[in-house]
Amino acid sequence: MTSGPGWVLGVDSGGSGLRVALAPADAPAHAVSTASREPVRTGPGGIDAAHLLEQLLPMARTLLRRAAEAGAYGAAEAEAPGLVAVAIGAAGMATLGDDLRAVLPHALAQALGVRRVALAADAVTAYAGALDQRPGAVVAAGTGMIALGTDLTGWRRADGWGHLLGDCGGGAWIGRAGLEAAMRAHDGRRGGSAALLERLEAVFGPAEELPGLLYPRSDRPALLASFAPEVARCAADDPVARSILAGAADDIAAAAAAVCPPASSGECEVALTGGLFKMGDPLAVPLRAALAHQLPHARPVSAAGDPLAGSLTVAAALATGSLRLPRHPRMLHVSL
């Protein structure tokens, strides 16, 4: 019995850990996966390639062994097709990925016998998961917020600059605005929200103790973002909370408008992906209005899959020679 076209490996590296999936190159949706809850370390040289490999290689070998034992393609283990392509999407790849780009292609060739390797920013794998390889725009929002668009000739990026310089409209941005409004109410200043102050004290304790809780933390963005659902819960009855979410919607729509292919290209698909959009109507309703106003030629669509699915999409396209997403030295780096 003949063997299949081989396996592809997709990897998603983010703040919550490492996820790895294995699938046939001709059927990337039929994947088996595993995960580690330990995030890959970042040091003075950027994302630590050695630490990523320390986690990735045992996980990849386990998945390959499971596939062989399952008799995929009906082949005996000795005849089973090998790994033909790997795609790794990593948070910080664009700015902190020099070590990964220098080390991983050779290391993966040596350890797994695979030479087709794509190293992508996590926004690229989020894009591929949401829209496959079609032109359009994707907004990925959770703690942070980044928008990425392409007409398949190049990438356009907006925001994703972190909670101090941007990520406008993301979870940390909403949570910080909500906490600021609560502190204004605590002080008796204009622009305060008694409802948000009540939620602050229910979640974090006395308002005057919040700075001591927040400022020493190394995970300040996540702590700020944890308050964003409280803003959404208050929005129905509190005009300050409602205004915060309307501002977030305007910023998200502005990022999408900045990266969407121009109206001359025709209708632009815009997909929204990430945990922030689980808030539902308190954010979705003003966001629909903001998109209609700022991006009238856009057609909002549901994201087809997540960044791990996107990494498998990229790996499968690389394996079959059908990769259409634009290559870029920092956004989508390909080794053959």
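Colleague: Strand E8, residues 136–141: how many of its residues are buried?
Modeller: Six of its six residues are buried in this predicted model, so E8 is mostly covered.

Colleague: Which residues sit on each side of E8?
Modeller: Gly136, Val138 and Ala140 are on one side, and Ala137, Val139 and Ala141 are on the other. Both faces are covered. In a regular strand the side chains alternate between the two faces of the sheet.

Colleague: Which way does E8 run against E9?
Modeller: E8 and E9 run antiparallel and are joined by six bridges. Alanine 137 has glycine 149 in E9 as its bridge partner.

Colleague: How many residues link E8 to E9?
Modeller: Three, and the two strands form a hairpin.

Colleague: And E8 with E11, parallel or antiparallel?
Modeller: Parallel, with four bridges between E8 and E11, which covers residues 268–273. Valine 139 stands opposite leucine 272 in E11.

Colleague: Back to E9. Where is threonine 150, and is it buried or exposed?
Modeller: Threonine 150 is in strand E9, residues 145–150. Threonine 150 is buried, at a relative accessible area of 1%.

Colleague: What does threonine 150 touch?
Modeller: Leaving out residues up to four places away in sequence, threonine 150 touches Tyr127, Pro135, Gly136, Trp155, Val259, Pro261 and Pro326. Gly136 is also one of the buried residues of E8.

Colleague: What lies 2.8 Å from a polar atom of the threonine 150 side chain?
Modeller: The backbone nitrogen of leucine 152.

Colleague: Change of topic, cysteines. How many disulfides?
Modeller: The count is one disulfide. The pair is cysteine 260 and cysteine 268, with their sulfur atoms 1.6 Å apart.

Colleague: Why is the disulfide of cysteine 260 and cysteine 268 called left-handed?
Modeller: Because the torsion about the S-S bond is about -125 degrees.

Colleague: What about cysteine 234, buried or exposed?
Modeller: Buried, at 10% relative accessibility.

Colleague: Now the six-strand sheet. What is the strand order?
Modeller: The order is E3-E2-E1-E6-E7-E13, in an open sheet with mixed pairing. Strands E3 (32–36) and E13 (332–335) stand at the edges, each with a single partner strand, so one side of each has no neighbour in the sheet. From one strand to the next, the twist averages 15 degrees.

Colleague: How many bridges join E2 to E3?
Modeller: Five, and E2 (residues 17–24) and E3 run antiparallel. Leucine 22 has valine 32 in E3 as its bridge partner.

Colleague: What does helix H3 touch on that sheet?
Modeller: Helix H3, residues 98–112, packs on the sheet and touches strands E6 (83–90), E7 (116–121) and E13. The direction of H3 makes about 145 degrees with that of E7.

Colleague: And H12? Which strands does that helix touch?
Modeller: Helix H12, residues 307–320, touches E1 (7–14), E2, E3, E6, E7 and E13. The direction of H12 makes about 145 degrees with that of E1.

Colleague: How do E1 and E2 pair?
Modeller: In the antiparallel sense, over eight bridges. Glycine 10 is partnered with alanine 21 in E2. E1 and E2 form a hairpin with two residues between them.

Colleague: How many of the residues of E2 are buried?
Modeller: Seven of eight, so to speak a mostly covered strand.

Colleague: Last one, H4 and H12. What is the angle where they pack?
Modeller: About 85 degrees, with the axes of H4 (residues 122–131) and H12 7 Å apart. That makes H4 roughly perpendicular to H12. H4 makes the contact with Thr125, Ala126, Ala128 and Gly129, and H12 with Pro307, Ala309, Gly310, Ser311, Thr313 and Val314.

Conventions
Residues are numbered from 1 along each chain as its sequence is written. This is a predicted model: local features need pLDDT of at least 70, side-chain atom pairs count only at pLDDT 80 or more; totals for chains, interfaces and linings use all residues. Side-chain values use heavy atoms; hydrogens and water are left out. A disulfide is a pair of cysteine sulfur atoms within 2.5 Å. Buried means under 20% relative accessible area, exposed over 50%, partly exposed in between (1.4 Å probe, protein chains only). Two strands pair if DSSP finds at least two bridges between them. Axes are lines fitted to C-alpha atoms, for helices over the stretch in contact, and angles run from 0 to 180 degrees between N-to-C directions. Contact means heavy atoms within 4.5 Å. A polar contact is a pair of N or O atoms within 3.5 Å; within protein, one must be able to donate a hydrogen and the other to accept it, and residues adjacent in sequence count only if both atoms are side-chain atoms. Angles under 35 degrees count as roughly parallel, over 145 as roughly antiparallel, 65 to 115 as roughly perpendicular and the rest as oblique.
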